[in-house]
Amino acid sequence: MKLKNLNGKVVLITGAGSGIGRATALLSARRGATLVLCDRDEAGLNETAAAARAVGVDVLVKTADVSDPASMDAFADAVHARFDAVDVLINNAGIGVWCGLLDTLPEDWDRQLAVNVKGVVHGCERFLPRMIERGRGGHVVNVSSAAGYMPSPAMSSYSVTKFAVFGLSQALRMEMRRHKIGVTASCPGPTNTPIVRTGPVRGADAEERADNVVGFFQRTAARPEQVAKTVLRAVARNRAVAPAGLEAHVMYYASRISPPVGRWLSVRWSAMANKG
Ligand code: NAD
């Protein structure tokens with residue numbers, strides 16, 4: 001189903017308190033959507049909600065942790081007390097850790113799997129049944145990453161979680177076809193959002209590399225507003241995969257046409273980011 005017009009449609013976004021989630025919320029608001037927003041960061045969430053309300057749209061906000069089933073149950077109850085079902089579900093909340101496998105701590109694995117993978121599952125489980133029951137179709141966007149089809153040696157564990165989201169989205173797209181619900185794996189390349197400052201950097205010279213990576217992203221990465229446009233375009237065109245930004249497109253075609261070239265580029269890009 002192609003959702004070209006968001007006017008009056010209910011768009012739900014997780015992780016809407018910052019970065020790509022906030023930009024997507026504000027773009028959806030400018031296109032007339034009613035918003036349902038959650039984040040575990042209440043202050044960021046309220047800032048996004050205030051900016052969206054200033055555009056003149058209706059906004060339902062709730063603090064929620066996507067990794068916590070009980071918290072997502074409470075969120076879903078609040079949403080379904082107000083709406084039969086959402087029209088567009090955007091599972092965007094995510095976290096990252098900047099290091100290779102050997103520097104990744106057990107808690108990094110647990111946290112990233114819980115938020116990036118189970119968070120997406122929790123969103124789908126709680127909102128898709130009502131969309132199906134209502135029978136009017138809709139769309140799901142799961143935010144994966146360019147690292148979800150071309151892994152990065154600088155983010156091994158993160159890449160694992162984003163490959164999982166990419167695979168889940170492909171399977172779900174086939175599963176949801178008969179319900180006229182489209183599913184997109186959104187795959188941004190490097191995007192200049194707070195995630196580069198909040199995600200821990202581990203391994204040798206971690207402090208220096210953390211500064212370098214932030215500087216590299218500030219100079220070279222896409223803006224979240226650009227990614228938001230690709231997300232809503234993917235909804236309008238019912239795209240299965242939506243790379244966002246030059247690096248994401250290059251990596252996407254390299255991963256399909258010449259994976260060795262993609263891996264070579266990924267190693268070079270990781271080294272450049274580490275050096276700033
Ligand atoms: P961000 O840090 O600016 O925003 C992420 C938001 O998710 C934050 O507001 C945070 O509070 C929220 N969040 C984190 N854990 C949560 C939880 N357990 N429950 C609810 N909310 C939670 O980062 P961003 O760059 O905007 O990231 C958005 C998505 O885009 C993530 O899935 C990320 O992996 C993905 N992504 C980002 C980039 C990039 O370079 N920035 C590239 C590819 C993919």
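This report describes the ligand site, a pocket and several individual residues of one predicted protein model.

## Basis of the model

The model is predicted, and local features need pLDDT of at least 70, side-chain atom pairs count only at pLDDT 80 or more, and totals for chains, interfaces and linings use all residues. Residues are numbered from 1 along each chain as its sequence is written, and side-chain values use heavy atoms, with hydrogens and water left out.

## The ligand and its surroundings

The ligand is surrounded by 30 residues, where a residue is near a molecule or strand if one of its heavy atoms lies within 4 Å of it. The closest of these residues are Ser-18, Asp-39, Asp-65, Tyr-158 and Thr-193. By class, the shell holds 13 nonpolar, 11 polar and 6 charged residues; in this division Ala, Val, Leu, Ile, Met, Phe, Trp, Tyr, Cys and Pro count as nonpolar, Asp, Glu, Lys and Arg as charged, and the others, Gly among them, as polar.

A polar side-chain atom of Asp-65 lies 2.8 Å from a nitrogen atom of the ligand, and a polar side-chain atom of Tyr-158 lies 2.6 Å from an oxygen atom of the ligand. In the side chain of Thr-193, an N or O atom is 2.5 Å from an oxygen atom of the ligand. On its own the ligand has 820 Å² of accessible area, and the protein covers 95% of that area; accessible areas come from the Shrake-Rupley method with a 1.4 Å probe, and for residues only the protein chains shown count as cover. The elements that give two or more residues to the shell are helix H1 (19-30), helix H4 (106-134) and helix H5 (156-176), where helices (H or I, at least four residues) and strands (E, at least two) are DSSP runs, numbered from the N terminus.

## The second largest pocket

The second largest pocket contains about 220 Å³ of space. On a 1 Å grid over the protein atoms alone, a pocket is an open set of points where a 1.4 Å probe fits, with protein on both sides within 12 Å along at least five of seven lines, and lining residues have an atom within 4 Å of a point. Grid points are joined across faces, edges and corners, and a volume is the space filled by probe spheres set on the points.

Helix H8 (224-237), strand E7 (241-244) and helix H9 (246-257) each supply at least two residues of the lining of this pocket, and the largest share, 4 residues, comes from H8. Among the lining residues are Thr-230, Arg-233, His-249 and Tyr-252, and the lining as a whole divides into 6 nonpolar, 2 polar and 3 charged residues.

## Buried positions

Buried means under 20% relative accessible area, exposed means over 50%, and partly exposed lies in between (1.4 Å probe, protein chains only). Ser-144 is found in the loop between strand E5 (138-143) and H5, and Ser-144 is buried, with a relative accessible area of 3%. The C-alpha atoms of Ser-144 and Gly-167 are separated by 9.5 Å, although these residues are 23 residues apart along the chain.

Ala-64 sits in the loop between strand E3 (59-63) and helix H3 (69-82) and counts as buried at 5% relative accessibility. Along the chain Ala-64 and Arg-40 are 24 residues apart, while their C-alpha atoms are separated by 5.0 Å. Thr-184, which lies in strand E6, is also buried, with a relative accessible area of 1%, and a polar contact of 2.7 Å joins its side chain to that of His-139. A polar contact is a pair of N or O atoms within 3.5 Å; within protein, one must be able to donate a hydrogen and the other to accept it, and residues adjacent in sequence count only if both atoms are side-chain atoms.

Lys-180 lies in the loop between H5 and strand E6 (181-188) and counts as exposed at 58% relative accessibility; Lys-180 has a positive phi of about 60 degrees although it is not a glycine. Asp-205, in the loop between helix H6 (195-198) and helix H7 (206-220), counts as exposed at 53% relative accessibility, and Asp-205 has a positive phi of about 50 degrees although it is not a glycine.

Arg-31 lies in the loop between H1 and strand E2 (34-39) and counts as partly exposed at 39% relative accessibility.
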